Amino acid sequence: MSEVRRFADIEALSRAATGEFVALARDAIDRRGRFSVALAGGSTPRRVYELLSSPDHRAAVDWDRVEFFWGDERVVPPDHPDSNYGMAFAVLLAPLAVPSSRVHRIKAERLDLEEAAREYHMEIARVLGAEAAGPPPAFDLILLGMGADGHTASLFPYSEALPERRRWVVSHYVARLGARRITLTPPILNRAREIRVLVAGADKASTLHEVLEGPRDPERLPVQLVAPESGRLVWLVDQAAAAKLHGTA
Ligand code: 6PG
């Protein structure tokens with residue numbers, strides 16, 4: 001089951017997502033002593049990261065108990081402007097002075113990307129206390145975005161990673177980008193306790209309508225593969241992206 005929450009604009013969406021992040025982090029830390037989160041790349045979550053590290057929110061979470069991961073990474077060095085890690089480091093991790101022992105980035109600058117994917121798998125297993133050869137563990141929260149082509153994380157339409165059933169992380173060539181990406185796979189995404197998909201902008205309205213209200217076609221619209229086994233999936237969308245949804249507000 002998924003829920004769709006609509007907001008007037010990206011600022012309102014970002015404020016709501018920030019509030020949910022804080023509440024989920026506090027709850028996980030109270031219950032289990034820590035909070036594991038996989039951050040989204042792309043531009044939409046940037047404002048959420050800024051708000052989280054702002055004076056209004058930085059004291060709301062015990063940041064030393066947060067384990068930071070990423071849903072996907074582009075094949076660039078960590079200081080490259082396209083790096084998903086780099087963006088989160090600049091606006092969230094550096095301002096909060098998060099200790100590097102809590103930051104588990106995907107080392108996509110490696111020459112051997114298969115090795116980088118395996119290493120990230122092992123890091124997830126180690127930090128989340130899971131058997132590396134066993135079923136995927138549950139992140140407390142996974143933040144995702146959606147591209148206008150229906151991709152999420154680096155699960156692009158018709159790409160190799162979509163049918164993956166066993167591996168938690170894959171490195172694959174995305175023909176439409178002419179580039180490789182490293183991404184979490186559907187089996188681990190769907191183990192998450194909580195998933196929030198952040199979608200803003202008029203260019204995503206038709207796709208969002210097809211994804212949420214059209215027939216199931218996950219090869220073409222990979223974000224439809226996001227369906228947590230027992231966790232909660234909430235879409236946070238702005239009015240521009242929601243413009244073609246028929247469902248009630
Ligand atoms: C990436 C992302 C990707 C992103 C969407 C939406 O590395 O590109 O993780 O899945 O979330 O492309 O991106 P925007 O927020 O920039 O629209």
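This is a predicted model: local features need pLDDT of at least 70, side-chain atom pairs count only at pLDDT 80 or more; totals for chains, interfaces and linings use all residues.
Which residues are closest to the ligand, and how many surround it? Residues are numbered from 1 along each chain as its sequence is written, and side-chain values use heavy atoms, with hydrogens and water left out.

**View 1. The surroundings of the ligand.** Here 15 residues surround the ligand, and the closest are Thr44, Asp72, His151, Ala153 and Lys204 (a residue counts if one of its heavy atoms lies within 4 Å).

**View 2. Polar atoms facing the ligand.** An N or O atom in the side chain of lysine 204 is 2.4 Å from a ligand oxygen. For histidine 151, a polar side-chain atom lies 2.7 Å from an oxygen atom of the ligand. Glycine 41 takes part through its backbone, with an N or O atom 3.3 Å from a ligand oxygen. Taken alone, the ligand exposes 420 Å², and the protein buries 87% of that (Shrake-Rupley method, 1.4 Å probe).

View 3. H4 covers residues 113–128 (helices are DSSP runs of H or I, at least four residues, numbered from the N terminus). Its 16 residues reach 22 Å from first C-alpha to last, close to the 22 Å expected at 1.5 Å a residue (1.5 Å times one less than the number of residues). At the N-terminal end, aspartate 112 is the cap, with a side-chain oxygen 3.1 Å from the backbone nitrogen of glutamate 114. After H4 comes glycine 129, whose phi is positive, near 70 degrees.

Note on methods:
Helices (H or I, at least four residues) and strands (E, at least two) are DSSP runs, numbered from the N terminus. A polar contact is a pair of N or O atoms within 3.5 Å; within protein, one must be able to donate a hydrogen and the other to accept it, and residues adjacent in sequence count only if both atoms are side-chain atoms.
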